[in-house]
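Here is a friendly briefing to read alongside the model. Have the viewer open and follow the topics one by one.

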Amino acid sequence: MPDNFTCPICGNKDPKYIGYKNGKPYCRKCITFRGQEASGDYVQLDSAEWTLKYELSDDQKKLSKQLLENFQNGIDSLVHAVCGSGKTEICIGIISYCIRNGLKVGFAVPRRDVCIELYYRFADIFRENDLTAVYGGNTKYLEGDLVLLTTHQLFRYDHYFDLLIVDEIDAFPFKGSEILEVFFKRSIKKNYVLMTATPNKETLEYFSKPGRAILQLFSRFHGKPLPVPRVIKGNELYLNYKLVREVSRILKSFKQIFIFTPTIDLSIKVYKFLRLFFRNGYYINSHSENRDEIIKRFRVKKYRYLVTTAVLERGVTVKDLQVIVYHADHPIYDSYSLIQIAGRAGRKKEAPEGEVIFLARENNEEMQRAIAEINAANKKLPNLL
Amino acid sequence: MPICQACQTEMEPKFISFFVDGHKAISIYDYNPFIRKLIYQYKGCYDYELHKVFLDRYAKEIKLRYSDYVVIPIPSYKNEDEERGFNHVVETFKSLGINMLNIIEKTEKHKQAVSTVNQRKEVYKYLELNCYPDLNKKKVLIVDDVYTTGSTMKAAIHLVEKLNPKKIDVLVVAKTKAKQLPK
């Protein structure tokens, strides 16, 4: 069996991922990353005016300027910004600059629903421009003045982007996926910007080196502190009792709730349990077939609570949202995901406080670290209160 | 061919029993997200190495059950098979080692997967027999990868009935639920 095969696209040499078809070897590692690619023929508009209903905070303005300066000097940036700090708004300046100067700019996110939400948000900001959203099932048009895409779709762009902005770099499926990293590198022609609320040690070290920069934004755009999670500890029975009590209390004050569960199985079980007491809610997980519909119903307050798995851990902005994490001590929750989940609360200017409750059998290391990090970020805020 | 426990669990074999125009049919799996991904990688991304994963675990039992049958696969358009490098239905069911007759041909590139319910009904126009063996007293098993509205299967049954088989059964890898159709 010939064993010198190297995949011409992703460079894989591992025989474990090499298959044979009609006697010829083929790469099985990047096999699902095939399809129509962007031609680069697209001619973009030479202007990019933006409209924002509100003004950026001083911190945001400063970061936006810095991002643009770095790009103009050929420096890649890491934006370490807390959830709800307005990471997307910070990019408006640099995106507008790229479009105006005929540079190809893309904005990649890990998930399809976040990609769609961002498309609408940016379309509302850059009203004269042609934006294109590229995600699984919607790949007919690949080019535009600004391309919003899921990280998976990066394989369609060969040394294409003058500027590629990637948000939530620490999220599944980007994290730990070598193939995606290969296609990420392949898609970039010039510079990139990585954004995350929870960078890991390697990333921070990498960007501390010369020729790269780390930009930090620890204040939420409304200037108020991040909600600090409250831990309720006890046995199974006690936690279930407290779950009902807290949900009841929150619903009575007409606020909406996300109840996070560590497994898909629990998302259904906890929903069925809560349904005995509260009728106006539902559950959502990666197996849900009508996710968009469920989220829509939640937004119009038809559902007052949603029992959910990690699918809603990122990207979703809902006003006056309270967050409960059921079994926050479950091994699947590391401090990064707990911080992301806590970031779902208190995201809107009109309702900056939000409650975050951790229901757990024990106050484990990951929970303590998440709470410590949130407290540390809050301390960095100037004392406006 | 070993498949790990995690994948076996996600595939969720169910052996769903149903009927197509009065003929007994079985679908091994529900068209769940995992199976959908596997079939996409196998059929859409041309990953030949996956040809055994769908049936292998039950190959012995299925072969026993249909050992005295003649297997007739639902065809793809010839150009598609050439581009893919193989026919996905044939390769999957070939491993059963049962006598296979490739006598139905698809004359045009009509894709069921991206068709609406009404468009799917048109499929009978593009299927025809390319051979007329006498199937008198023979039992026939028509096989396919995915069963949705049954338009394709019904058209195939209609063709095969002309050859006078003793009976026709149906076996498919996965069966979709109606609401998963594109609109």
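Strand β6 (residues 139–147) of chain B has seven of its nine residues buried, so the rest of the structure largely encloses it. Keep in mind that this is a predicted model.

**Strand β6 of chain B and its partners**

- Strand β3 (residues 69–73) of chain B pairs with β6(B) in the parallel sense, over five bridges.
- In that pairing, B:Ile72 has B:Ile142 of β6(B) standing opposite.
- Strand β7 (residues 167–175) of chain B also runs parallel to β6(B), and eight bridges join these two strands.
- Here B:Asp144 stands opposite B:Val172 in β7(B).

**Nonpolar cores**

- In soluble globular proteins, nonpolar side chains tend to be buried together.
- The largest nonpolar core has 105 residues, and A:Leu148, A:Val323 and A:Val325 have the most contacts inside it.
- Apart from that core lies another, of 43 residues, with B:Tyr69, B:Val71, B:Leu96 and B:Leu141 among them.
- Which residues does A:Leu148 touch, not counting those up to four places away in sequence? They are A:Phe107, A:Cys115, A:Leu118, A:Tyr119, A:Phe122, A:Leu131 and A:Ala133.

**A covered helix in chain A**

- Helix α10 (residues 335–342) of chain A is mostly covered, with seven of its eight residues buried.
- The buried residues of α10(A) are A:Tyr336, A:Ser337, A:Leu338, A:Ile339, A:Gln340, A:Ile341 and A:Ala342.

- At what angle do the axes of helix α1 (residues 58–72) and helix α3 (residues 92–100) of chain A cross? They cross at roughly 40° and come within 8 Å.
- Angles under 35 degrees would count as roughly parallel and those from 65 to 115 as roughly perpendicular, and α1(A) and α3(A) are therefore oblique to each other.
- On the α1(A) side, A:Ser64, A:Lys65, A:Leu67, A:Leu68 and A:Phe71 take part in the contact, meeting A:Ile92, A:Gly93, A:Ile94 and A:Tyr97 in α3(A).
- The residues of this contact divide into six nonpolar, two polar and one charged.

**Where the chains meet**

- Eight residues of chain A are in contact with eight residues of chain B.
- On the chain A side of that contact, the residues divide into one nonpolar, four polar and three charged.

Conventions. Residues numbered from 1 in each chain as written. Chains lettered and ligands numbered in written order. Predicted model: local features only at pLDDT ≥ 70, side-chain atom pairs only at ≥ 80, totals over all residues. Axes fitted to C-alpha atoms, helices over the stretch in contact; angles between N-to-C directions. Helix = DSSP H or I, 4+ residues; strand = E, 2+ residues; numbered from the N terminus. Parallel < 35°, antiparallel > 145°, perpendicular 65-115°, else oblique. Contact = placed C-beta atoms within 7 Å. Nonpolar A, V, L, I, M, F, W, Y, C, P; charged D, E, K, R; others polar. Core = buried A, V, L, I, M, F, W, Y, C linked by C-beta atoms within 7 Å. Buried ≥ 20, exposed ≤ 12 C-beta atoms within 10 Å, placed from the backbone. Pairing = 2+ DSSP bridges.
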